[in-house]
Amino acid sequence: MRKSVYIATSAMTVGVSAQAPHAVTKKSGGVAPGISDAVPPEFKQAGWLGIAESPGSTQVEQAMNASLNEWGLANGLGENQNELLFVNKNQFKSFYTGATNGKLWPLMHSMPDKITPRGSFGSHTEVDKAYTAKLLDKIDADIRNPNKPDINSYNDVVVWAHDYHVFQVPGMLKELAKERQADAQPEERIDGDINVSFFHHETWAELDPGQKPAAYEGNKIFTGLKDSENADLKEILTKLIESDTIGFHTQEDVDNFVKTIENFEILTNPQELQQLEQKCFANPIGIPKRRITEEFLDRADVLTRGLTATNADNSPEYADRKARTASFRADLAQAIADPAIAASPDLQAAADRIQNGGAHLHDLQSVKEKTFFDPEKIHMGSVQRFDYTKGIQEFLDAYKGFLQDKQAAHPGTNPGADYQYNLCTGRGRSNPIPAYDEYQKKVEATIKEINAEFPGAIHHYQNGIDNASVPVFGGMNDVAVATSVKDGYILSIGEMVNARELTLAQATTPGVDPLVPNRATGVVVSNGAGIAEDLGGLERTSDNPTLAIVDPTPEGIREGLDTQISRVEALRGVDAQQLPANNEQLSGISSLITNADTDFGPNAFKMIDASLPKSPYAGLGAAPSTSQSGAVERANRSIKRDASKKHKRAHGI
């Protein structure tokens, strides 16, 4: 029998409008899309509960959840698989802007000076209690439903919880299930134990409740919280460690988490700490390479063939692709028809190539943004959210210095004619939070200053881009950039690297027009980003000439930027014969990035499987064992061994 998996997160893969007819739309970013296909077939996804602000009417809440249910049934999901817990406006604001993003987020990212003074952890407890009750109601109803023979007791249940919004759900859920078992009449009692496994998608600092606000001592972060807040945080963490398994993106985060639990004196016995460490594991989420490839090739095919179908387009494969890209084609046709296109010879030429075929990726950006993307420039690109952890300001400071030096070396010239930074941003989560708002204002002011001094040096996608367009955006840029000060993983840089590899493979395919006229590539990644552990091992360093892993400071970023841009410029000229080596180096970088399709879900469920009583699902790779903790430890070692082998293969060790 397959275990029934309930996903517990604040966000889902879809959103629903509070306005009738309560339309359901897919979300393009965040954690949810990254875990939506991660449950292996040996298990069965049975539900997904999210959190939303109440529209102020119970009737509207019911209508919104009904729309989610209808959408799920229409898309092959079970009854009521997607549901929302609605939280009243004041409580929702306190939960998001106070407890979670106002306090927990800056703590986890080693930035105690960003903690908001307002709000309390009390709202976290209130919301998680309500969340736990609704989730258990759903599980109980499914167990009692005769039409669901796969789930008959709590032993058939796995709750896979994600991120800091639901930190307390593991402990609360286990406690509430036991209370219901104790209070129920014999004929109504549900037997067994729910497995609750947790995955943390952010970085984790080594937290210490000492009374040294905003002080740093090595890797230790004194929380800067009041005594009462430290006590509340300790209670939250106590609930979290009741999880059966706890996953993180990097080994550094695992180590910091275990040390945090010791620092808060939640566990002090060495044996207990060892047991906690054994059920914690490092498992980078990686990127969905299959989806990226499909989204990239669908759009590349349109650009290569043109908007008008020909007789060669009648194959079943192309018919399927054309159906998938219908919306993309319609958007392009509308963009091309805009009067602003005809007013610019460069934009009109780009539009003509898109219409007739043989277009490149810069043409696509030109007509979509109504701004000419000169393919002869060196293009740098990144996709970020306005968030003080993302290092946007640090990059801009480094880039400004780079441009000033270029201009000093060639007085009277505008480096903005030769270099262009393409920045896609989205608003910081749960605005208004003062620290996010101040950061956004500072970044936007810096962008204006740089463009005033060096016209054309930055193109800012102020409204961001949809997730499906990230691959073609990434493929266009000569230098992919992610300079996070501190970050959990950062999928966008991985997707951009993978997309650039796909772009160059397309360029060398016989009979296919190249999608970029220049194929030299560089990558700049901060060692503060979790993906740097994928790319550079535990040391987070690089010996690959095409990859610069840098300190997330203007000085560190500047050094990496200088190196990569100089290499790209050289490969456009007399050293163009070295392009195959550059392309191979890029492929080497791409091979190090975890493939979410094959690794993230299977590895997480290898650990979950090993923590289940009797562990009947040996097909996932968990060693048979009469000892639950022993099986978990072996599964953890297996994941570490696989990661080590992958890294050694990629580096030829």
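Visitor: Which residues line the largest cavity?
Guide: This is a predicted model in which local features need pLDDT of at least 70 and side-chain atom pairs count only at pLDDT 80 or more, while totals for chains, interfaces and linings use all residues. Residues are numbered from 1 along each chain as its sequence is written, and side-chain values use heavy atoms, with hydrogens and water left out. A cavity is a set of points, on a 1 Å grid over the protein atoms alone, where a 1.4 Å probe fits but cannot get out, and a lining residue has an atom within 4 Å of a point. The lining of the largest cavity consists of Tyr 6, Ile 7, Gly 47, Trp 48, Leu 49, Asn 80, Gln 81, Glu 83, Lys 134, Leu 135 and Lys 138.

Visitor: Which elements give two or more residues to that lining?
Guide: Helices (H or I, at least four residues) and strands (E, at least two) are DSSP runs, numbered from the N terminus. The elements that contribute two or more lining residues are strand 1 (4–8), strand 4 (44–53) and helix 4 (122–144).

Visitor: How many nonpolar residues does the lining of the largest cavity have?
Guide: Ala, Val, Leu, Ile, Met, Phe, Trp, Tyr, Cys and Pro count as nonpolar, Asp, Glu, Lys and Arg as charged, and the others, Gly among them, as polar. By these classes the lining has three polar and three charged residues, and its nonpolar residues number five.

Visitor: How much space lies in the largest cavity?
Guide: There are four cavities of 30 Å³ or more in the structure. A volume is the space filled by probe spheres set on the grid points, which are joined across faces, edges and corners. For the largest cavity this space comes to about 60 Å³.

Visitor: How many aromatic pairs does a search of the whole structure find?
Guide: Rings of Phe, Tyr and Trp (its six-membered ring) pair if their centres lie within 6.5 Å; planes under 30 degrees apart count as stacked, over 60 as edge-to-face and the rest as tilted. The number of aromatic pairs found in the whole structure is 21.

Visitor: Which kind of pair do Phe 167 and Phe 198 form?
Guide: The ring centres of Phe 167 and Phe 198 are 5.6 Å apart. Their planes stand at 45°, so the pair is tilted.

Visitor: How many residues apart in sequence are the parts that this pair ties together?
Guide: Phe 167 lies in the loop between strand 6 (157–162) and helix 5 (169–183), and Phe 198 in strand 7 (residues 195–199). The pair therefore ties together parts whose separation in sequence, in residues, is 31.

Visitor: Are Phe 167 and Phe 198 buried or exposed?
Guide: Buried means under 20% relative accessible area, exposed over 50%, and partly exposed in between (1.4 Å probe, protein chains only). On that scale Phe 167 and Phe 198 are both buried.

Visitor: What is the centre-to-centre distance in the pair of Phe 395 and Tyr 421?
Guide: Phe 395 and Tyr 421 form a tilted pair, with 45° between the planes and a centre-to-centre distance of 4.3 Å. Phe 395 is in helix 15 (residues 392–409) and Tyr 421 in strand 14 (residues 419–426), so the pair ties together parts 26 residues apart in sequence. Phe 395 counts as buried at 0% relative accessibility, and Tyr 421 is buried at 1%. The distance asked for is 4.3 Å.

Visitor: Which residue has its charged end over the ring of Tyr 388?
Guide: A charge sits over a ring if NZ of Lys or CZ of Arg is within 6 Å of the ring centre and within 35 degrees of the ring normal. Arg 299 lies over the face of Phe 328, 5.1 Å from the ring centre. Over the ring of Tyr 388, 5.3 Å from its centre, sits the charged end of Lys 114.

Visitor: Where is Ile 490?
Guide: Ile 490 has a positive phi of about 70° although it is not a glycine. It is buried, with a relative accessible area of 9%. Its place is the loop between strand 16 (479–482) and helix 18 (491–507).

Visitor: What is the relative accessible area of Arg 540?
Guide: Arg 540, not a glycine, has a positive phi of about 55°. Arg 540 is in the loop between helix 19 (531–536) and strand 18 (547–550). Arg 540 is buried, because its relative accessible area is 8%.

Conventions
1 Å grid on protein atoms, 1.4 Å probe; cavity = no way out; pocket = protein on both sides within 12 Å on 5 of 7 lines; lining within 4 Å.
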